[in-house]
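Thanks for coming, everyone. I'll walk through one structure today. Please have it up on your screens.

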Amino acid sequence: MRICVFLSAAELDERYTRPAREFAELLGRGGHTLVWGGSDVGLMKVVADGVHESGGRLCGVSVAFLADRSRPDVDDMVIAADLAERKRLLLEKADAVVVMVGGTGTLDEATEILELKKHGHTEMPVVLLNTEGFYDGLKQQFQRMEDEGFLPRPLTELVFFAEEPLGAMAHLEESQGLE
């Protein structure tokens, strides 16, 4: 499976890096490919290192203004002209999406895939890895959107909230018939 991971490039503490690394190792040991922003810094580096060291493949999609931060030892790297093209390419190369902790860029990427899924333009599984309750507020907001009629599909059809890496990977593999 080609798993796109949206996440931060920030340097974060162990409460975020440990679960990210654990998911990365599951991804690599499962023989999957990481599709990610291509960065070799921060949490993006942690995940890419974990996948690479566990035997998985790396497919990076960087953007021109961040190309100097891109990882050199990848199986495939594309440099997009801008952020819109980067998002499009990341999703085109993926079979599934996992959203880890991140800032506004990660949130933008997460809402893009959910909007596409809401309108039936993709059926790929989407998992929000809710490390340390990072997405509790977003989960509550999504639930309110569903309760008040803003979502034409049930929230459970749009996104799966996983509290830990093993649950995230199990959901992805089950959704693809890889149990």
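**A walk from a helix cap to the core**

Let's start at a helix end. Asp82 caps the N-terminal end of H3, with a side-chain oxygen 3.3 Å from the backbone nitrogen of Ala84. Keep in mind that this is a predicted model. Helix H3 covers residues 83-92. Which of its residues are buried? They are Arg86, Lys87, Leu89, Leu90 and Leu91. Note that an arginine and a lysine are on that list.

Now the core. The largest nonpolar core has 28 residues. Which of them touch the most other members? Those are Ile3, Phe23, Leu34, Val98 and Met100. H1 gives the largest share, six residues.

There is also a second, separate core. This one has 26 residues, including Leu90, Val99, Phe142 and Leu155.

What does Phe23 touch, leaving out residues up to four places away in sequence? The list is Ile3, Val5, Val98, Met100, Leu129, Pro165, Ala168, Met169 and Leu172.

Two packed helices are described by the angle between their axes and the distance between the axes. For H1 and H7, the axes come within 9 Å and cross at roughly 35°. The crossing is right-handed. Who meets whom there? From H1 come Pro19, Glu22, Phe23, Leu26 and Leu27. From H7 come Pro165, Leu166, Ala168, Met169 and Leu172.

Next, the aromatics. The count comes to two aromatic pairs. Take Tyr16 and Phe134. Their ring centres are 5.9 Å apart and their planes stand at 85°, so this pair is edge-to-face; the cut-off is over 60 degrees. Tyr16 sits in H1, while Phe134 is in the loop between E6 and helix H5 (136-147), so the pair ties together parts 118 residues apart in sequence.

The other pair is Phe134 with Tyr135. Here the centres are 4.9 Å apart and the planes are at 90°, so this pair is edge-to-face too. Ring pairs therefore link Tyr16, Phe134 and Tyr135 into a cluster.

Buried or exposed? Tyr16 is buried, at 12% relative accessible area. Tyr135 is buried, at 6%. Phe134 is partly exposed, at 34%, because that value falls between the 20% and 50% cut-offs.

What is its phi? Glu132 has a positive phi of about 55°, although it is not a glycine. Glu132 is exposed, with a relative accessible area of 53%.

One last stop, Lys45. Lys45 is in helix H2. At 32% relative accessibility, Lys45 is partly exposed. Its contacts, leaving out residues up to four places away in sequence, are Ser39, Asp40 and Arg71. How far is Lys45 from Phe134, C-alpha to C-alpha? The two are 20 Å apart in space and 89 residues apart in sequence.

That's the tour. Questions, please.

Methods: Residues numbered from 1 in each chain as written. Predicted model: local features only at pLDDT ≥ 70, side-chain atom pairs only at ≥ 80, totals over all residues. Heavy atoms only, no water. Core = buried A, V, L, I, M, F, W, Y, C linked by side-chain atoms within 4.5 Å. Buried < 20%, exposed > 50% of the residue type's maximum accessible area, 1.4 Å probe, protein only. Helix = DSSP H or I, 4+ residues; strand = E, 2+ residues; numbered from the N terminus. Contact = heavy atoms within 4.5 Å. Phe/Tyr/Trp six-rings, centres within 6.5 Å; stacked < 30°, edge-to-face > 60°. Polar contact = N/O pair within 3.5 Å; in protein donor to acceptor, adjacent residues only side chain to side chain. Axes fitted to C-alpha atoms, helices over the stretch in contact; angles between N-to-C directions. Left-handed = near helix turned anticlockwise from the far one by under 90°.
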